[in-house]
Amino acid sequence: MQLELRHLQAVCRIAEAGSLGGAARRLGVSQPALSAQLRRIERVTGGELFVRGRSGVEPTALGQFVLAKARRVLSEMDALGAQARAMSTGSPLRLGCIMLVLLDGLLAQTDLSMSGREIAVDLEDSVTVLARTLGAGRYDAIVYGEVNGHEVPLPEGTLARTLIPKEPFCIRLSSGHPLAGLDRIELADLAGESWMTLVEDDDGGPEALVAACAKAGFSPSLRYRITDRKMQHDLIAAGRAVALSQPTAPPGEGTVMRPLVGNPIIGRIRLAWSRAALSSGQAELLYRAAGRAYLANVDNNPFHKDWWDAHPEVHPVLD
């Protein structure tokens, strides 16, 4: 028997899962079948690759050597597939996003940095849907947000990189609101308001809002769930609702943006991509394009520009 890519994948999955049972579930095979396959692989490599430890199986010295080589080979194969796909005729970059402020600028920056490659972009309301369809091959890459430490599970075969590790959410409210004249707003002072709920309900945002409001002593009235930005802004301008917002959001007619005292709700922005669809170089280009698109919006609100300048540790690395 000669080692094949599927054998290398099996070894890597066992190491990642820490158990034969977990690896079998990820590979979609039975545990006895995977055990038998591992024994055949070990006969080819000349010794045991894993031993049972306190928390599952652990690689032996030989196993560590084989794992290092396997990961390298699989990475090269992923890169080969990504580069071949990028060179093939009529193969656009398929990008999935939630509605982030940087999206408009991302398209322009991607056009500049990826040599005119055709880009197909879809918007989704659900981060879970984005991640699932990335794993199913519908997207090559996705850009998404997470709130207050929430982590979106990503499918096998993907890599992720944090673009913006921290941005404090702020409040959009009517310019005629009694609190609109303040530089910063206490969350507790919004206890009687009707809230525009976040469209993405699986990024940790709603839970973060409810938890922050509970800490401030009230339960928010989550009344409106609207995907259209203009309709959102019209309701807020009319004084019928307030809403959480990214701090890079541009001003809207009849509304103002104000930071919250203590920054109780924090978001981050991430990029994830399929290793089989994008090479590391292409992923780097996409990361830099997204970073430049974010930076183009930092000046939209003076309070966020001040915060941003005071926190260089959260700036994307674009050099």
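Keep in mind that the model is predicted.

Let's start with the sheet. How many strands form it, and in what order? There are 5 strands, and the order is E9-E8-E10-E7-E11. The sheet is open, and its pairing is mixed.

Now look at the edges. Strand E9, residues 221-224, stands at one of them, and strand E11, residues 255-259, also stands at an edge. Each has a single partner strand, so one side of each is left without a neighbour in the sheet. What about the angle between neighbours? Ignoring direction, neighbouring strands of this sheet are turned by 40 degrees against each other on average.

Zoom in on one pair. Within the pair, methionine 196 stands opposite tyrosine 224 in E9.

Next, the helix. Which strands does helix H8 lie across? Helix H8, residues 229-237, lies across E7, E8, E9, E10 and E11. E7 spans 170-174, and H8 runs at about 65 degrees to E7.

Last stop: isoleucine 164. Find this residue in strand E6, residues 158-168. Is isoleucine 164 buried or exposed? Its relative accessibility is 0%, and buried means under 20%, so isoleucine 164 counts as buried.

What does isoleucine 164 touch? Leaving out residues up to four places away in sequence, the contacts are Arg268, Ile269, Tyr294, Trp308, Val314 and Pro316. One more distance to check on screen. Isoleucine 164 and alanine 290 are 126 residues apart along the chain, while their C-alpha atoms are separated by 9.8 Å.

Conventions:
Residues numbered from 1 in each chain as written. Predicted model: local features only at pLDDT ≥ 70, side-chain atom pairs only at ≥ 80, totals over all residues. Heavy atoms only, no water. Pairing = 2+ DSSP bridges. Helix = DSSP H or I, 4+ residues; strand = E, 2+ residues; numbered from the N terminus. Axes fitted to C-alpha atoms, helices over the stretch in contact; angles between N-to-C directions. Contact = heavy atoms within 4.5 Å. Buried < 20%, exposed > 50% of the residue type's maximum accessible area, 1.4 Å probe, protein only.
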